[in-house]
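This report describes one protein chain, beginning with a term that the later sections rely on. Please look through the sequence and the structure before reading on.

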Amino acid sequence: MPTKRRRARQRTLAIDVGGSGVKCALLDARGRMASEKLREETPERFTPARLLTLIERMAAQMPSYDRVAVGVPGIVHRDVVYALPASGSRAFKRFELGARLSDLLGAPVRVTNDAAMHGLAAIRGDDVEMVITLGTGLGTALFIDGVLSAHYQTLPDQDEPFSPYGDAALEKIGRGRWEKRVRDLFDQLRGITNYDRLYVGGGNAERLHGAMPSHVRRIDSTAGILGGYRLWEWGDVP
């Protein structure tokens with residue numbers, strides 16, 4: 001399990017950027033929800049400037065905070081976005097979202113992949129644990145003893161408007177066939193990663209009916225917010 005950073009107790013503004021909606025809420029010094037959750041629609045095609053403006057507007061409606069945690073549906077490393085396909089904009093290539101938001105909001109900012117943020121709220125921090133998020137597309141995060149490893153995403157973008165596990169697939173092939181596809185994915189991912197536990201979140205996780213295998217657990221839709229606390233408290237999340 002990662003070591004916790006030693007710092008004074010602080011309040012965290014947590015922001016979950018999804019393919020269809022952007023949500024934010026304040027977390028108290030123990031990581032508990034301390035405000036109502038705000039939600040705004042994600043612009044259909046958004047640039048870095050539009051995302052910054054949206055987050056600034058939402059943050060202005062929240063109580064005071066000491067630090068900010070952001071999860072986005074893309075490839076992120078050390079608070080820099082390397083790709084954000086759901087935006088439909090190539091301007092996010094190597095976009096320093098953390099630094100830009102920190103300047104804008106006047107507080108330190110950490111940025112990670114949204115599936116990683118969901119996972120941080122759910123994982124135990126030992127063994128091999130995997131997280132998938134089912135929404136506009138498919139997001140994944142892999143943790144080894146609580147440390148974030150590689151991840152990949154299947155998201156619609158301007159070149160490929162169809163994700164085999166996302167909203168469009170669910171609508172096209174129907175819930176039954178879509179659920180079988182997702183459950184087959186559980187086994188495929190276990191064969192690839194040898195995970196010990198799999199956590200399933202995102203807006204479409206509730207579309208999965210029936211019991212889950214013993215090593216699979218659904219996670220609540222608030223995980224994308226609650227994970228913001230651990231993003232700061234755990235020291236080894238890139």
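## A term to begin with

Two parts of the chain are in contact when they have heavy atoms within 4.5 Å. The model described here is predicted.

## The chain as a whole

The chain contains 6 helices and 13 strands. It has 238 residues, of which 53% count as buried. Among contacts with a separation of 6 or more, 62% are between residues 24 or more positions apart. The chain exposes about 10900 Å², and carbon and sulfur atoms supply 47% of that area.

## A sheet of five strands

An open sheet of 5 strands runs in the order β3-β2-β1-β4-β7, and its pairing is mixed. Strands β3 (38-41) and β7 (109-113) are at the edges with a single partner strand each, so one side of each has no neighbour in the sheet. From one strand to the next, the twist averages 15 degrees.

Within this sheet, β1 (residues 12-17) and β2 (residues 21-27) run antiparallel and are joined by 6 bridges. Ala14 stands opposite Ala25 in β2.

## Helices across the sheet

Helix α2 (residues 97-105) lies across β4 (67-72) and β7, at about 145 degrees to β7. Helix α3 lies across β1, β4 and β7, and runs at about 100 degrees to β7.

## Helix α3 in detail

A cut-off applies here: buried means under 20% relative accessible area.

Asn113 caps the N-terminal end of α3, with a side-chain oxygen 2.8 Å from the backbone nitrogen of Ala115.

Methods: Residues numbered from 1 in each chain as written. Predicted model: local features only at pLDDT ≥ 70, side-chain atom pairs only at ≥ 80, totals over all residues. Heavy atoms only, no water. Polar contact = N/O pair within 3.5 Å; in protein donor to acceptor, adjacent residues only side chain to side chain. Helix = DSSP H or I, 4+ residues; strand = E, 2+ residues; numbered from the N terminus. Buried < 20%, exposed > 50% of the residue type's maximum accessible area, 1.4 Å probe, protein only. Areas by Shrake-Rupley, 256 points an atom, 1.4 Å probe, with all protein chains shown as cover. Pairing = 2+ DSSP bridges. Axes fitted to C-alpha atoms, helices over the stretch in contact; angles between N-to-C directions.
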